[in-house]
Amino acid sequence: MTTYSTNEFKPGLKVIMDNDPCSILENEYVKPGKGQAFNRVKLRNLKNGRVIERTFKSGDALEGADVMDVEMTYLYNDGTHWHFMSPETFEQHQTDATMVGDAKQWLKEQDTCIITLWNGSPLTITPPNFVNLVVTETDPGLKGDTSGGGGKPATLETGAVVRVPLFVQTGELIKVDTRTGEYVSRVK
Amino acid sequence: MFHELSDTPWASATTLNTLKQRAQILRHIRQFFTDLDILEVETPLLGQAIGTDPHLHFFTTEFCHPDLPVKKTYYLQTSPEFAMKRLLAQGVGSIYQITKAFRNGDKSKLHNPEFTLLEWYRVGFDYHQLMQEMGKLFQALVPHAKLTFLTYTQAFLNFAGFDPLTAKENFVIAYCHRNLSLTKPTEDKDTALQLILSMIIEPKFPHDEFVFVYDFPASQAALSALKPDNPAIAQRFEVYYKGMELANGFQELTQSTEQHQRFLADLKKRETLSYPLPPIDHLFLAALDYGLPFCSGVAVGLDRLVMGMLGLDDISQVITFTHNQA
């Protein structure tokens, strides 16, 4: 794998830091007191999502990380493993519940997700930004109330629980923003 | 009417307002020196030799002399210091210059490889008198500007909790490594001190004040003279403003033998770092031999001064075309 020196650290570059794959967020060149130059770098650990800061001597290098984002179709899950397939190569990948994490509550069969692969193995799963899911259970709410006020909880077909306006009924299809977990609108 | 075009390679990323304000700042600076009867001089950008500071990387170019078969290497100045001191040795009196300096490899929100320096020398002033005069310049440019003065030692004691001159090398290196998440500890105490001052202490200075830090350790003297009563301390100061290193000043070293020794030590350091070894400026040393009068001098990063005064945070906002657009 190629190595990248601090002069090549651009936001988005994937590197190995402390044995974990990381993505460069920021890179600031500093030259304190007209002495040796350094780079203050902010990185996101792609394994645990944490942001870390490190100061490098300018010119030092890190190994590049073989990290790729690929589109995959979610097939199904059997409780232990979640199965995905590449729509282009038909290659299948499986991941466990921990790896899928929060994405679990938004995945509907045949949805397209982004899987981040590190050295060919799944690292993180990102569901589509918006999903359409059926409300499987919710209180009737006040008939005719369209103000949306405080809303009420609704359980969706995937098991996710989302706050919805009072006029949303069981059996309706709604659009949810997976990044915020918020109701967006009803879907006809 | 000036068209503000960003992300357009041929167009300047500045605004007309910034250009006008920069021009006004230059006018005010020139008026300040005219009122003090300090002479403006121009010295060459190209020289046959250059400063030896291990961490200053230079640009070179070639002169195709019509009479010589071989091209001669010339260096683009990293500062006008040597040429101005040669004039001082000749008895020109107090002088100032606003000129371009070139430092290869430096590029950031605060660095452009080609930048503008305001540099001046006061014959007969010690460094405290020069700091006072700088304060007057800053207050002329920024009415009611607040000035703070503290020693290098006080800055460390107040904001880092240790004495930089007496602390042991391993303590300082460990402190720096720990607090700045360095991937590798620094190799020496001075590099660690520079990082601590710049990245831990300086951010704690009052943002809107001009902060003068003086009496640097002798190991970081550069071209300044050491204190006669305490040679562990160099008569060097730096000025910080709005989170930026703004100026570097000295009570000038006048002894050519000591200056020559410092050049040789620099070259040795450059060798260990595998950096190119430039020729020593013997014309400058000859001027010191002749006699440099008692004087103090300072170099101010003019682009950063403009940034600070206008509340801007990127040098490309105050320079018409930075390196990637030049």
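Predicted model: local features only at pLDDT ≥ 70, side-chain atom pairs only at ≥ 80, totals over all residues.
**Chain A**

In chain A, A:Asn19 sits in the loop between β2 (14-17) and β3 (20-30). Its phi is near 70°, which is a positive value in a residue other than glycine. At 65% relative accessibility, A:Asn19 counts as exposed, because the cut-off for that label is over 50%.

You'll find A:Asn119 in the loop between β10 and β11 (121-126) of chain A. A:Asn119 is exposed too, with a relative accessible area of 52%.

Now step back into the strand that leads up to that loop. A:Thr116 belongs to β10 of chain A, which covers residues 112-118. Is A:Thr116 buried or exposed? Its relative accessibility is 9%, so A:Thr116 counts as buried. Leaving out neighbours within four places in sequence, A:Thr116 touches A:Val67, A:Met68 and A:Asp69, and also A:Ser121, A:Pro122, A:Leu123 and A:Thr124. As for A:Leu25, 91 residues away along the chain, its C-alpha atom is separated from that of A:Thr116 by 17 Å.

As a whole, chain A has one helix and 16 strands. Its radius of gyration is 22 Å, whereas a compact globule of 188 residues would come in near 16 Å.

**Chain B**

Chain B has nine helices and twelve strands. Its radius of gyration is 20 Å, close to the 20 Å from the globule rule for 326 residues, so chain B is as compact as a globular protein of that length.

Here are the whole-chain values for both chains.

| Property | Chain A | Chain B |
|---|---|---|
| C-alpha span along principal axes | about 70 × 40 × 25 Å | about 60 × 50 × 45 Å |
| Residues that count as buried | 42% of 188 residues | 50% of 326 residues |
| Contacts joining residues at least 24 apart, among those at least 6 apart in sequence | 45% | 67% |
| Accessible surface | about 10,100 Å² | about 15,600 Å² |
| Share of that surface from carbon and sulfur atoms | 48% | 53% |

Eight of its eight residues are buried, so β11(B) is largely enclosed by the rest of the structure. It has strands to pair with, too. β10 (residues 230-241) of chain B pairs with β11(B) over six antiparallel bridges, and B:Glu238 has B:Asn248 as its bridge partner there. These two strands form a hairpin with two residues between them, and B:Lys242 in the turn has a positive phi of about 45°. β11(B) is also joined by five bridges to β12 (residues 295-301) of chain B, again antiparallel. In this pairing B:Phe250 stands opposite B:Gly297.

*A two-faced helix.* Helix α8 of chain B (residues 282-291) has four residues listed as buried: B:Phe284, B:Leu285, B:Ala287 and B:Leu288. Looking down the axis of α8(B), the buried residues fall within an arc of 155°, so they line one face of the helix. What do they pack against? Their packing partners are α2 (81-89) and α7 (256-272) of chain B. The face turned away from that buried side carries the exposed residues B:His282, B:Asp289 and B:Tyr290. At the start of α8(B), a side-chain oxygen of B:Asp281 comes within 3.2 Å of the backbone nitrogen of B:Leu283.

Key:
Residues numbered from 1 in each chain as written. Chains lettered and ligands numbered in written order. Heavy atoms only, no water. Buried < 20%, exposed > 50% of the residue type's maximum accessible area, 1.4 Å probe, protein only. Arc of directions from axis to C-beta. Contact = heavy atoms within 4.5 Å. Polar contact = N/O pair within 3.5 Å; in protein donor to acceptor, adjacent residues only side chain to side chain. Rg over C-alpha atoms; globule rule 2.2 N^0.38 Å. Areas by Shrake-Rupley, 256 points an atom, 1.4 Å probe, with all protein chains shown as cover. Pairing = 2+ DSSP bridges.
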